[in-house]
Amino acid sequence: MSLALFQILCLPVLLLSYGLVLWRSQDRASDAYTIGWLTVAAWAGEQTCISWYGFYTYSDAWSLKLGHVPVLVALIWPMVVLSAREFAKALWPARQGWRLACIIGVLVIFDASLIEVCAVRAGYWSWFEGGYMGVPLMGLIGWGAFAFSATFFLDSRGWTRRAAPILTLVLTHALLLALWWGLFRWGLRDDLGPRAVVGFAGFSAGVTIFVWLSRRRMALSTLVARAAATSVFVALIVSTDQGDYLWGHFGLVAVPYLLASPRPWGRTSEADVGG
């Protein structure tokens with residue numbers, strides 16, 4: 001799939017996803033502001049990571065960039081974080097603070113693994129080190145670090161809400177540096193080979209068990225937005241000449257979300273829809 005077509009397909013998905021967020025919102029002005037500051041923080045995070053660390057680069061074929069970062073990518077980030085947050089709060093409503101942030105961070109890493117392996121295979125961006133299907137493990141962890149950091153400030157008030165983009169940026173870089181120098185700098189930096197999908201199966205199993213133990217299901221609007229976004233990556237895999245292991249990875253990512261999907265039959269309970 002050409003990058004131009006991919007960008008065109010992403011636009012209605014973004015409009016649908018953000019439209020659903022604002023349609024369900026009890027405070028549209030506040031949620032619109034949240035989407036705005038997440039976009040700013042996402043752009044700043046990507047721009048500084050590329051400028052300071054030189055770990056990856058985007059294709060020159062992107063239609064519109066601000067600095068090194070495609071504007072569309074910055075607009076996608078809030079959807080990824082807010083969708084994971086909706087899912088987490090539906091299945092684990094009692095989790096708050098750093099516990100909720102940890103869950104959202106893990107979910108975003110899980111979601112980002114599909115985005116990364118498909119986009120890297122298609123040549124939309126590229127990493128300068130090996131890893132899982134062309135994506136360094138640190139690259140996947142970076143998605144989680146941002147989501148973890150942003151979650152801390154999504155419900156903040158006062159000056160912390162006004163400074164949320166800066167605080168998210170600072171905490172994200174602190175986590176990235178700690179994880180890099182404390183762990184990923186010293187190993188697992190070579191190409192892990194396509195059979196590493198077997199290792200990812202363990203990660204998928206852990207997420208699936210955690211979802212199953214919650215005994216809850218995501219809201220229908222969350223499912224609709226996720227299905228729309230997923231359809232773009234299904235089309236991307238279909239258009240890829242070497243999609244064998246990509247299909248395996250896609251299946252592993254899909255399992256826990258299928259398990260948490262609303263049931264089209266039987267009596268619907270509060271637990272089924274996530275409250």
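**Figure 1. Contacts across the chain in the predicted model.** Among contacts in the protein between residues at least 6 apart in sequence, 77% join residues that lie at least 24 apart. The structure shown is a predicted model, and its secondary structure comes to 11 helices and four strands.

**Figure 2. Overall dimensions of the protein.** Along its principal axes, the C-alpha trace spans about 50 × 45 × 40 Å. A compact globule with 275 residues would have a radius of gyration near 19 Å, and the protein, with 18 Å, therefore agrees with that expectation.

Figure 3. Of the 275 residues in the protein, 51% are buried, which here means under 20% relative accessible area. The protein exposes about 13300 Å², and carbon and sulfur atoms supply 67% of this area.

Figure 4. Rolling a probe the size of a water molecule over the atoms shows where empty space is left. In this protein the count comes to one cavity of 30 Å³ or more, and about 50 Å³ of space lies in the largest cavity.

**Figure 5. Residues that line the largest cavity.** The lining is made up of Phe55, Glu129, Gly130, Pro136, Leu137, Met138, Trp180, Phe184, Gly187, Leu188 and Arg189. Sorted by class, this lining has seven nonpolar, two polar and two charged residues.

Notes: Residues are numbered from 1 along each chain as its sequence is written. This is a predicted model: local features need pLDDT of at least 70, side-chain atom pairs count only at pLDDT 80 or more; totals for chains, interfaces and linings use all residues. Side-chain values use heavy atoms; hydrogens and water are left out. On a 1 Å grid over the protein atoms alone, a cavity is a set of points where a 1.4 Å probe fits but cannot get out, and a pocket is an open set with protein on both sides within 12 Å along at least five of seven lines; lining residues have an atom within 4 Å of a point. Grid points are joined across faces, edges and corners, and a volume is the space filled by probe spheres set on the points. Ala, Val, Leu, Ile, Met, Phe, Trp, Tyr, Cys and Pro count as nonpolar, Asp, Glu, Lys and Arg as charged, and the others, Gly among them, as polar. Helices (H or I, at least four residues) and strands (E, at least two) are DSSP runs, numbered from the N terminus. The radius of gyration is taken over C-alpha atoms; the globule rule is 2.2 Å times the number of residues to the power 0.38. Buried means under 20% relative accessible area, exposed over 50%, partly exposed in between (1.4 Å probe, protein chains only). Contact means heavy atoms within 4.5 Å. Accessible areas come from the Shrake-Rupley method with a 1.4 Å probe; for residues, only the protein chains shown count as cover.
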